[in-house]
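Could you have a look at this one with me? My notes on the side-chain contacts come after the structure.

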Amino acid sequence: EKVNGYKFIVMGSDKATFEEAYISDAQLEWLDKELASASKNKPVFVILHQPLKLTHDLPNTWGSGTNLNAGSVGDQSDAIKEILTSYKNVVLITGHLHTGFGEASYEQIGDLHMVNVPSLTIDNKDGEYNESGLGYIVEVYDDEVLFRARNLETGKWLPDYDETIIISK
């Protein structure tokens with residue numbers, strides 16, 4: 001789907017699982033084709049509930065230091081990462097971790113930008129700013145994408161936790 005000329009790709013589990021997702025080979029092929037058809041000089045937004053493994057301080061933010069998949073999308077994480085990192089200006093938006101704003105909110109691998117959003121209605125843990133009601137207001141421009149941190153319950157902007165993504169040309 002395109003919104004104002006920007007491509008949005010929404011992924012989801014192909015079968016019922018407990019904490020992880022199951023992304024089929026067919027969905028992985030579809031993801032690759034969708035990214036290949038996107039504009040090379042505009043951001044592409046990929047939305048997936050769970051983050052990739054070993055990102056956003058996983059497995060620590062999930063409370064499990066032994067299972068490397070803990071808190072992540074699961075077994076297909078490496079395959080998804082390989083596809084996402086082979087394209088420019090991909091912004092992966094995830095949640096699932098219920099972490100507040102802080103160091104685990106944003107990560108970058110090459111041209112893959114990963115933003116993990118806090119929970120809006122459930123208490124957040126970890127992070128430096130953990131109140132409920134947290135979210136981002138996203139502004140998209142030709143040369144950058146701004147994730148503006150905000151407490152949506154109180155209406156307070158939180159500029160210390162804003163993230164700016166520069167678009168590669």
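This is a predicted model: local features need pLDDT of at least 70, side-chain atom pairs count only at pLDDT 80 or more; totals for chains, interfaces and linings use all residues.

Here are my points, one topic at a time.

1. Ground rules. Numbering starts from 1 along each chain as its sequence is written, and side-chain values use heavy atoms, with hydrogens and water left out.

2. Salt bridges. With the criterion of a side-chain nitrogen of Lys or Arg within 4 Å of a carboxyl oxygen of Asp or Glu, the count comes to three salt bridges. One of them joins Glu 34 to Lys 7, with the closest N and O atoms 3.0 Å apart. Glu 34 is in helix α1 (residues 25-36) and Lys 7 in strand β2 (residues 6-10), so this pair ties together parts that are 27 residues apart in sequence. Helices (H or I, at least four residues) and strands (E, at least two) are DSSP runs, numbered from the N terminus.

3. How covered is that pair? The scale is relative accessible area: buried is under 20%, exposed is over 50%, and partly exposed is in between (1.4 Å probe, protein chains only). Lys 7 counts as buried at 10%, while Glu 34 counts as partly exposed at 21%.

4. The Lys 53 bridge. Lys 53 pairs with Asp 78, and their closest N and O atoms are 3.2 Å apart. The bridge links distant parts of the chain, with Lys 53 in the loop between β3 and α2 and Asp 78 in helix α2, 25 residues apart. Both ends are partly exposed: Lys 53 has 23% relative accessibility and Asp 78 has 45%. Asn 67 lies 14 residues from Lys 53 in sequence and 9.9 Å from it in space, C-alpha to C-alpha. Asn 67 sits in the loop between β3 (44-47) and α2 (77-84) and is partly exposed at 37%.

5. The Arg 148 bridge. Arg 148 forms a salt bridge with Glu 139, at 3.0 Å between the closest N and O atoms. Arg 148 is partly exposed, with 26% relative accessibility.

6. Aromatics. Rings of Phe, Tyr and Trp (its six-membered ring) pair if their centres lie within 6.5 Å; planes under 30 degrees apart count as stacked, over 60 as edge-to-face and the rest as tilted. The count by this rule is five aromatic pairs. One of these is tilted: Tyr 129 and Tyr 161, at 5.8 Å centre to centre with 45 degrees between the planes. Tyr 129 is in the loop between β6 (112-116) and β7 (134-140) and Tyr 161 in the loop between β9 (156-157) and β10 (163-166), so the pair ties together parts that are 32 residues apart in sequence. Tyr 129 is buried at 13%.

7. Charges over rings. The test asks for NZ of Lys or CZ of Arg within 6 Å of the ring centre and within 35 degrees of the ring normal. Lys 42 lies over the face of Tyr 6, at 5.2 Å from the ring centre. Arg 150 lies over the face of Trp 157, at 4.1 Å.

8. His 113 lies in strand β6 and is buried at 3%. Thr 99, in the loop between β4 (90-94) and β5 (106-109), is buried at 2%. Leaving aside neighbours within four places in sequence, its contacts include Thr 61, Asn 116 and Asp 126.

9. Leu 54. This residue is in the loop between β3 and α2 and is partly exposed at 47%. Not counting residues up to four places away in sequence, Leu 54 touches Pro 59, Leu 68 and Glu 107.

Technical notes
Contact means heavy atoms within 4.5 Å.
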